[in-house]
Amino acid sequence: MRSVTRPSEVEPGAALHRFFAKMLSELGPQDWWPARTRLEVILGAILVQNTAWQNTALALKQLRKKGLLNLARLRTASPAKVEACVRSAGFYRQKARTIQNFLGWLEHECQGSLGRMFALAPEELRRQLLEVKGLGPETVDVILLYAGRRPFFVADNYTRRVLARHGMVHPSADYAEVQQFLHGHLPSDADLFNEYHALLVEIGKQHCRSRAPRCEECPLEEFLEQHQPIEISSPNCRAG
Ligand code: SF4
């Protein structure tokens, strides 16, 4: 892992816990992931790639309307029908194909059962899911954390941006490096990772914008060295 540029002498684990306590007290529990079933989490994780949640929610609504938030029906639905339902999420052909790829893997490896899927050892399940075409590390970790309650931190853009601006990870750290940093300094706790990631997303949306962070009103402002965020040059790199 690349060396970090953390300016403070505070131990990283202690700093991460302070961040969490502050965000939770200011923003409250986020109740993530917004879904009723494990299948809905998985589909939402695929559909939200490169789009806003509102567009994903519309696609899920269409799938529900057509009775396709059901594994058996989704598996036998025509590609055209699935594509029509997920159109609002953008890249709809690609996303419909990824859904089919996932269902094909589930059928082949787990006899079509989400119960069997989540009974696999977490690292092995992650390895297999990463081999499904269309699933990148961020999507896979959302599935593992929010559908399976397995402790994999979703080290997305919001997470990387906040941590880099506070000097906790290198500004050019990639997805795996940020995740490794978090796994190395936080207890392996799915509930903690769930809430922590959801809070970071909220901070990212409200305050830690990619181009102009609004530090003055941000709950994490008190943790900035000399009240200044570290400048980062590539806040938008994605892992998929
Ligand atoms: S907006 Fe500023 S204070 Fe808030 S997380 Fe980003 S860099 Fe930190």
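Guide: The C-alpha centres of domain 1 and domain 2 lie 28 Å apart. This is a predicted model, where local features need pLDDT of at least 70, side-chain atom pairs count only at pLDDT 80 or more, and totals for chains, interfaces and linings use all residues. Residues are numbered from 1 along each chain as its sequence is written.

Visitor: What makes domain 1 and domain 2 domains?

Guide: Domain bounds come from an automatic or database domain assignment. Here that assignment gives 12-30 + 161-227 as domain 1 and 38-147 as domain 2.

Visitor: How many residues does the contact take from each domain?

Guide: Domain 1 gives 4 residues and domain 2 gives 4 residues. Contact requires C-beta atoms, placed from the backbone, within 7 Å.

Visitor: Which helix gives the largest share of the side of domain 1 that touches domain 2?

Guide: Helix α12 (residues 190-206) does, with 3 residues. A helix is a DSSP run of H or I, at least four residues, numbered from the N terminus.

Visitor: Why is a set of residues called a nonpolar core?

Guide: Its members are buried Ala, Val, Leu, Ile, Met, Phe, Trp, Tyr and Cys residues, joined through C-beta atoms within 7 Å. Buried means 20 or more other C-beta atoms within 10 Å of the residue's own. The largest such core has 61 residues. I42, L47, I143, V178 and I203 touch the most other members.

Visitor: What is L47 in contact with, leaving aside neighbours within four places in sequence?

Guide: L47 contacts T56, A59, L60, V86, A89 and K95.

How values were computed:
Two residues are in contact if their C-beta atoms, placed from the backbone, lie within 7 Å. Helices (H or I, at least four residues) and strands (E, at least two) are DSSP runs, numbered from the N terminus. A residue is buried if 20 or more other C-beta atoms lie within 10 Å of its own, exposed if 12 or fewer, and partly exposed in between; C-beta atoms are placed from the backbone.
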